Structures are given as structure tokens and as C-alpha cells.
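Hi there,

Here is the structure I promised to pass on. Please have a look at it, and then read on for what turned up.

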Amino acid sequence: MPRKFYITTMGCQMNEYDSDYLSQLLLQDRFEASRRPEDADLIMINTCTVRRKAEQKAYSLLGRMVSIKRKRPDTIIGLVGCIAQQEGAQLLERFPGLDFVLGTREIGRIGEVLDRVEGTGERIAATDLNKTSLPSGHLPGYFAGKVKGYLSIMEGCDNFCSYCIVPYVRGREVSRPPKEILSEAKSLVSQGVKEITLLGQNVNSYRPEEDDSFGFPSLLRELEEVDGLRRIRFTTSHPKDLSDDLIRCFRELRKLCPHIHLPVQSGSNRVLKLMNRGYTREKYAELIQRLRDARPDIAVTSDIIVGFPGESDEDFHLTLDLIRKIQFDSIYSFKYSDRKGTPAASLGHKVSEEIKAKRLSTLQALQKSITLSKNKLLEGKEVEVLVEGPSKRGRQLTGRTDTNKVVNFNHHTGSLGELVKVKIKRSFANSLRGEISSTRA
Ligand code: 5AD
Ligand code: SF4
């Protein structure tokens, strides 16, 4: 009888992608997927360590999984991903129920690690960062029934923003060969995927080893030619490396969605410098203007950290001012969190939790009003939606506009994977509601 595995994924899209890779390896081996950890012979947690909160969540989940193991002692438990990479073998000492630790670039070794754990009862920490860990192909049918897919184009990050743990847990930048990326894109499309999001910590610095004149825009141009692919997105790009050629792509490429996620992090030049971001607020605003000139309907979203060490009221007000000026479509905002080993962790003048919380809620209230007023402008307009399936409440269909806004709509016609035209009737802060007006977009 095949054995069962359960995997739960925390953190970013890169982790989702890694979990899919891990799942495919296990399905090709001796396992089938389980919906519940209680029924699984192998339980894995793919972890995130970008902020302390994510880390705490992972440890409490691990505690829950270990308690399942108490009832079923043969269960194998593995901690995977960024915490695994950061903490390594010491996790095995701290958590006696844990059988293995698998770092971010060791995913391909899952079969061998399991053989050893099962064969000898050995407990293993595999955390070599000098490898690359990317799939060489898909398990046939794995993505069947999915409309959207992720595709990793590069691993790692070389930017070393002073607050960020990512370069330490994901290693140096390595770009995948374009041929591999194109073949993975075609494989996704052949399984019914219509929209691909290209993933990388900093996609702008995509540069394959074999041809360093082939940058990210060249890759986008090749993907534009893939038959059956309807939409291309990417995340994340860094403002300091956003090239003229990439801006041109937004003007020229039909399949490239008019949306860019461009983390600004702060609106204060003093803080940006301390963060080692390599641009100023003026440079950022100029980039947005150029993107809007190239593609007037482009949606712009961003990440912002409040309460970076030494952030004064004045710095914070500069961030609010930039938010008002840029008018983002939406923002992911976070309280600064000390990460062991990063330069910012050893900076003085830490901002109190209370002030961080206050700043976060002020920022979020401002952004909510901007998002709402932007969404209001869409009422009465027709938008193109890629149908993803039934809405959360089940009575409607749901999908996203090319600008990445969620739309729920009544369905007389229109099915999974179709691009349809929807007339927006009402708008909210997190979604839009509409009526289908045509099944041909
Ligand atoms: N504290 C708070 N937020 C962080 N981010 C990265 N590191 C930290 C940290 N130490 C945020 C950044 C990044 C997003 C993915 O997470 O805004 O863009
Ligand atoms: Fe972290 Fe900066 Fe790299 Fe993004 S670009 S992953 S914030 S170091």
C-alpha cells in the first residue's frame, strides 16, 4: 500500500513552489498525498523565517505535529525550508520528535534522506546552500485542473538589504537556463494552466550563466510566444534594477499583465539608506511615473516595513506622504522584526512594539481608503477576468483582473480557465463584484 504524506506550507510563493516540487518527488516515489496530518506516515512543514511571527507559528505547528507522532510513533516528521536552513542540526537537538531537517536547496534529496531515516533510524540535517534545487520536469497531470501556476526562474538573493534574512537562507543568486524555464512553461500550459507567475527574489537580475546578454526582458519576450499561455506575471522586482527594457515590455507584450509588485519599504531616504536599498524616494516615484507612461492602466503594489531601527515620526510621515503621492493599488505592510545575523539587528534605537503597532494601523487605514477609492473608479467598467473557480461562498465564480484584483461574479456562462468580460457593479477594499457581460475577452 502506498504510504501517505502531508505537507503544510508557510510563507511566500517560493515556498509554495518548493512544496509542489517536493510533493511531485514523493508522488513519483512511494507516496500518495494525505489531506490530514493525522492520517500521514510522513509530515512536513515548509517554513518561513522572514519575521519572528512566522517562525513562532512554525514552531507551534511543529509541536502539534509532534503530538500526533506520540499517538503514532512511526510517523516521520521533517522541517523544510527557511527555518531548516537557518537553524540546521540544532533543531534535531531541540525537538526530539523531529526526524529530518531539509534546507532550501536540498529538496531534491528528499528520497535519499527518507531512505536513511527509514532504513537506519538516523536523524538527518541536510542544509548545503551551494546546490541548486529546482525541478527538472513535472509529474504528468500534477497541475491538471489548475488555471494558475508558479514558475521559479532563479534562486537566492544578492542584495543584502540590512533587515532581511533571505540572502542567508536562500543563498546567492543563481538563474535557471531559459530553455528549462520555457519547457516548464510549456508543460504547465499543456496541463491547462493559463496564467504563469515567474518567481524570484529579484527577477530583474535574472541572468543565466551561459548567456549573460539574455536578461529578464528577453525571457519575457520568449514566454510571450508560448501558445496557449494567456497571462504572464512576475514577482518580485527590485526598484534599483528596474530597466528601461523591462518598462518597454509593459508597453509591448500583450500577455504581460499590467501589474507590478515593487517593494518600496520606506518613504524616507535616510531609512532607505540604512536599509541598503540603493534608491531614493524620488527615484522610486520617477520609476512609477515611467511605468504609468508606458502602461497607463498598470496596477502598482508594494511592501512597506514600519518601525525600522531609528525610524522617527518624521521618517514615518515621509512614508505616509509617499503612499499618498504614489496611490498604490494595495500594500503589504509589516512591523520591523529583528532577524538574528542581519546588520539591522545590531542597530541601536529600536522602535517600541507599541509605536510599531500604531504606525502599522495608521498606514493600513490610509492605504485602505486609497484602495477603496481606486476600486470605486472601476464601478460600471468592464474588466477582463480569468475564471479560477467557485467563489468562497460558492454561489458565484471568482477570478482576477489582469491588474490582480479579485472579482466575484454570477455565472450563467463562463467556466474554469476562460477569460471573460465582467461588468463591475460594486467595489470593496479586497474584492470587486460584477456581472458577466461576455465570455470572450
Ligand atoms: N521585518 C519585517 N519585514 C520584513 N520583510 C523582510 N524582512 C523583514 C523584517 N526583518 C518584508 C519586506 C519584504 C517582505 C517580503 O517582507 O517588506 O519585501
Ligand atoms: Fe530580502 Fe532585499 Fe533580497 Fe528582497 S531584495 S529578498 S528584501 S535582501
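Predicted model: local features only at pLDDT ≥ 70, side-chain atom pairs only at ≥ 80, totals over all residues.

A backbone N or O atom of tyrosine 163 sits 3.0 Å from a nitrogen atom of the ligand, and a polar backbone atom of serine 337 is 2.8 Å from a nitrogen atom of ligand 1. On its own, ligand 1 would expose 400 Å², and the protein buries 86% of that.

The residues surrounding ligand 1 include Val50, Arg51, Asp303, Ile305, Phe334, Lys335, Tyr336 and Arg339. By type, the shell divides into 5 nonpolar, 2 polar and 4 charged residues. Two strands, β13 (299-306) and β14 (330-335), each supply at least two residues of this shell.

Now for the overall layout. The chain is split into domain 1 (3-126), domain 2 (133-257), domain 3 (261-376) and domain 4 (382-440). The C-alpha centres of domain 2 and domain 4 are 26 Å apart, and 9 residues of domain 2 are in contact with 13 residues of domain 4. Between them, these two domains bury about 850 Å², with 56% of it on carbon and sulfur atoms. On the domain 2 side, Val147, Arg231 and Arg233 supply 56% of the area buried against domain 4, more than any other three residues.

Enjoy exploring it!

Best wishes

Terms used: Residues numbered from 1 in each chain as written. Chains lettered and ligands numbered in written order. Heavy atoms only, no water. Near = heavy atom within 4 Å. Polar contact = N/O pair within 3.5 Å; in protein donor to acceptor, adjacent residues only side chain to side chain. Areas by Shrake-Rupley, 256 points an atom, 1.4 Å probe, with all protein chains shown as cover. Helix = DSSP H or I, 4+ residues; strand = E, 2+ residues; numbered from the N terminus. Nonpolar A, V, L, I, M, F, W, Y, C, P; charged D, E, K, R; others polar. Domains from an automatic or database assignment. Contact = heavy atoms within 4.5 Å. Buried area = accessible area lost by both parts, 1.4 Å probe.
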